[in-house]
Amino acid sequence: MHRTYETEEISIFWNSEKCRHAKKCVTGSPEVFEFGRRPWIDPARGESAKIWQTVSHCPSGALSITYNHEVQVNYDEASCRAVAVLHGNEIGECDYEVTDSGQSWNIYHTHVLPEHNGKNIARRLVYRLLETAERRGITVTASCSYAARLL
Ligand code: SF4
């Protein structure tokens, strides 16, 4: 399961299949990470720099984090994609095709303008599609090599 937890400033990514429940996050920032609460990660309860430090101590790689750099990531169902927007301009996208009569999506393309490299925008795009699909019970595959590494 892939989830993103966002504030205006940061995005926290969580891959449940990597989580070893070592609780470093819960002890590091208990106000933000709390098992049993919904959502169990609430970045609005903490200070971004401290959350960053806590996430860096996750031993499994289940957690990762990025600053948003004012970039918005939206799901665009009509065009089968997630799109990254900065000040009204599209700066990246992640595209999928629907297969198996709607039961599966194949992510085949992820692209961010080179001048925005290093902002983790591609990860945010892929996670947006993964979370959307998982919440709908849709299976995801990826012929895009970048997205495949995040599955
Ligand atoms: S620190 Fe990482 S591995 Fe441990 S419970 Fe939190 S998310 Fe899971």
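Me: Which residues is Thr141 in contact with, leaving aside its neighbours within four places in sequence?
Reply: In this predicted model, Thr141 is in contact with Ser104 and Asn106, once the neighbours within four places in sequence are left aside.

Me: And where is Thr141 found, in which strand?
Reply: Thr141 is found in strand 8, which covers residues 139-142.

Me: Why is Thr141 called partly exposed?
Reply: Thr141 has 16 other C-beta atoms within 10 Å and is therefore partly exposed, since a residue would need 20 or more to be buried and 12 or fewer to be exposed.

Me: How many Å apart in space are Thr141 and Ile51?
Reply: From C-alpha to C-alpha they are 31 Å apart in space, while in sequence Thr141 and Ile51 are 90 residues apart.

Me: Changing topic, what does the domain assignment of the protein chain give?
Reply: The assignment gives domain 1, residues 2-67, and domain 2, residues 72-150, and the centres of domain 1 and domain 2, taken over C-alpha atoms, are separated by 22 Å.

Me: How many residues of domain 1 are in contact with domain 2?
Reply: On the domain 1 side there are 6 residues, and these are in contact with 9 residues of domain 2.

Me: Which elements give two or more residues to that side of domain 1?
Reply: Those elements are strand 1 (2-6) and strand 2 (10-15), and strand 1 provides the largest share of the side that touches domain 2, with 3 residues.

Me: What about polar, nonpolar and charged residues on the side of domain 1 that touches domain 2?
Reply: That side of domain 1 divides into 4 polar residues, 1 nonpolar and 1 charged.

Terms used:
Residues numbered from 1 in each chain as written. Predicted model: local features only at pLDDT ≥ 70, side-chain atom pairs only at ≥ 80, totals over all residues. Helix = DSSP H or I, 4+ residues; strand = E, 2+ residues; numbered from the N terminus. Contact = placed C-beta atoms within 7 Å. Domains from an automatic or database assignment. Nonpolar A, V, L, I, M, F, W, Y, C, P; charged D, E, K, R; others polar.
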